[in-house]
Amino acid sequence: MYNVLVVDDEKIHRKGILSLLEEFCPEDMLWEAADGTEALEIMRNMPCEIVISDIRMAKMDGLSLLREVKNIRPEVSFIIVSGYADFAYAREAIAFQASAYLLKPVDRTELEKTIIEVKRKYRGDEETKYKVSSMEERLKETVPIYMEWLLNQYITGAGVRPREQLDSFLPMKQSGFMILTKIKKEGRLEEKERREIGYVIKKSLEPSSAITFSVNQLHNTLATLVLGDERPGERKLRNIAYLLEAENNTAADKIYFAVSLIHENMSVKGVETFSEAACALKYSFYEDRHILWAESYLENAREETAWNMDELINAIRQGETELAEKLYEELLEKGALGHQIAPEIMKRKVVFLFFRILRTLEPFLEKETIPMLNEKDSRIMEAEWYGSLLSEGRLLLFKIGRSMEKQRLSGQINPMQKCKDYLEKNYREEISLETVAGELHFNPSYLSTLFKQSFGTSFSEYLSAVRMQKALDLLIHSDCRVKQIAGMVGYRDSNYFIRSFKKKYGVTPDEFRKRGTNI
């Protein structure tokens, strides 16, 4: 439906045109005005798409009305009607973009044909405007996305073409550097938050040119490409953090900046500057430094130290959970070497620590909890912050302690106690570590380690002590010969038994008998 305004100071002509329009445009809304002034008043209140106006009228003629309407509503289609076949009028009407020029008396067929053509053109213009408007909106949405894609390609070295396209947008062939901004928060940064952060950083770094974008492979991290030959100082970066805190309601102590070195010709330095900043940003893991300069970490090769786990394992075995947690924290703090050890290495060392703990204490744990504990162990590598590494470790220590307590309260015999009982019962036999490991379904090497950790002595030393104690009893309470006693306590070679006895007690078995128990 169209709004059509008919303007003519001669009522009979005006009504005649309206009558024709009612015939072939029944769906349109028809309006009328007796002169140009009245027509303008209607146009100010009613968005008419088509105006049919006589050219000569008393108060305001048709050409004046045409000029006025086109000034305020250039999209309106204007049809001039005149009783004069005057080329000058027609030329002026065309100059002011009239859609048609009709002579009176208006022919029905010609008017209908003109109206159809005007409507077709109007629809086309509206569609074109919609398409242009729609395209502009899409461009507004697409250009930032495209720029972000280009910049991510630029920092990952994905090819020459994206870099060349970026050069067409920005003056890249000059000095510059990269800043990575990481926000510590639950969940992901919203699009609005990212835009606000980018705006604050850009304004704060002026007059240097800066563009901020999300980094695909880093969580809650934005990269800022800065074109300029001077990096911001710590004070400016701290001011940015406080501005972001005020803008985004994010605590300043949860914002971390990592700054690359300055490089010439940033057109070809995307990968290098990003790698430098990313290397420094990793150390935000420790949460104690909020401004990280690339030069402090690029050659950060600290010599690692071995972790002594025995005291921690012993505290866990004794059920001293608080002590175990304290020892765990001390172990991590000492191993971090002033928070200069790369976070990935630090996490791997903690994973290995718990691997050793679980392997050592496995016989003392509830079998049902072992898979869960191993899974919890592997999740340590996912810790994003040092505080998480500490809390995950403390939680795992607590779960290990609880599992051991449940195993103890269940009354089940400890495997190491089974091993001990086996030696006490079968000391007369030809026993080896491999034999006992087979009986208890243990790896011999693992059994050896676990035995020493449990009883403070080696498997062979304990077996020898049991045999010697039995030999002492037989020497005192029986008349058996030394050779017989050797066989009775598990020694097939009596000479070896005598040498072992003398080494332990300082006298031979015969001398012991003569002296009695006074050795």
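User: In which loop does Pro105 lie?

Analyst: This is a predicted model, and in it Pro105 sits in the loop between strand 5 (100–103) and helix 5 (108–156).

User: What kind of peptide bond joins Lys104 and Pro105?

Analyst: The general idea comes first. Most peptide bonds are trans, and most residues other than glycine have a negative phi. The bond between Lys104 and Pro105 is cis, with omega about -10 degrees. A cis peptide bond also joins Glu206 and Pro207, where omega is about 15 degrees. Pro207 belongs to the loop between helix 7 (191–205) and strand 7.

User: Which residues other than glycine have a positive phi?

Analyst: Among them are Asn265, with phi near 50 degrees, and Glu287, with phi near 70 degrees. Asn265 is in the loop between strand 9 and helix 9, while Glu287 is in the loop between helix 9 and strand 10.

User: On to sheets. What is the strand order in the open sheet of five strands?

Analyst: Strands of a sheet pair through backbone hydrogen bonds, either parallel or antiparallel. In this sheet the order is 7-8-6-9-10, and the pairing is mixed. Strand 7 (209–214) and strand 10 (291–293) are the edge strands, each pairing on one side only. On average, neighbouring strands of the sheet are turned by 20 degrees against each other, direction ignored.

User: Which helix packs on the sheet?

Analyst: Helix 9 (residues 270–281) does, and it touches strand 6, strand 8 (221–227), strand 9 and strand 10. The direction of helix 9 makes about 40 degrees with that of strand 6.

User: In which sense do strand 6 and strand 9 pair, parallel or antiparallel?

Analyst: Strand 6 (residues 176–183) and strand 9 (residues 255–259) are antiparallel, with five bridges. One of the residue pairs is Ile183 with its bridge partner Ile255 in strand 9. Strand 7 and strand 8 are also antiparallel, over six bridges, and Ala210 stands opposite Val226 in strand 8. These two strands form a hairpin with six residues between them. In its turn, Asn220 has a positive phi of about 50 degrees.

User: How many residues of strand 4 are buried?

Analyst: Six of the six residues of strand 4 (residues 77–82) are buried, so the strand is largely enclosed by the rest of the structure. Strand 3 (residues 50–54) pairs with strand 4 in the parallel sense over five bridges, with Ile52 opposite Ile79.

User: How do I read a helix? Which residues of helix 20 are buried?

Analyst: Start with the length. The twelve residues of helix 20 (residues 494–505) should span 16 Å at 1.5 Å a residue, and the end C-alpha atoms are 16 Å apart, which agrees. The buried residues are Ser494, Phe497, Ser500 and Phe501. Seen down the axis of helix 20, they fall within an arc of 120 degrees, so they line one face. The face turned away from the buried side carries the exposed residues Arg499 and Lys503.

User: What covers the buried residues of helix 20?

Analyst: The cover includes helix 18 (459–477), helix 19 (482–488) and helix 21 (509–515).

User: Where is the N-terminal cap of helix 20?

Analyst: Asp493 caps that end, with a side-chain oxygen 3.0 Å from the backbone nitrogen of Asn495. Just after the helix, Gly506 takes a positive phi of about 85 degrees.

User: Is Ser478 buried or exposed?

Analyst: Ser478 lies in the loop between helix 18 and helix 19. Its relative accessibility is 17%; buried means under 20%, so Ser478 counts as buried. The side chain of Ser478 reaches the backbone nitrogen of Cys480 at 3.5 Å. Leaving out residues up to four places away in sequence, Ser478 touches Asp473, Ile485 and Arg513.

Key
Residues are numbered from 1 along each chain as its sequence is written. This is a predicted model: local features need pLDDT of at least 70, side-chain atom pairs count only at pLDDT 80 or more; totals for chains, interfaces and linings use all residues. Side-chain values use heavy atoms; hydrogens and water are left out. Helices (H or I, at least four residues) and strands (E, at least two) are DSSP runs, numbered from the N terminus. The expected span of a helix is 1.5 Å times one less than its number of residues. Buried means under 20% relative accessible area, exposed over 50%, partly exposed in between (1.4 Å probe, protein chains only). The arc is that of the directions from the helix axis to the C-beta atoms. Contact means heavy atoms within 4.5 Å. A polar contact is a pair of N or O atoms within 3.5 Å; within protein, one must be able to donate a hydrogen and the other to accept it, and residues adjacent in sequence count only if both atoms are side-chain atoms. Two strands pair if DSSP finds at least two bridges between them. Axes are lines fitted to C-alpha atoms, for helices over the stretch in contact, and angles run from 0 to 180 degrees between N-to-C directions.
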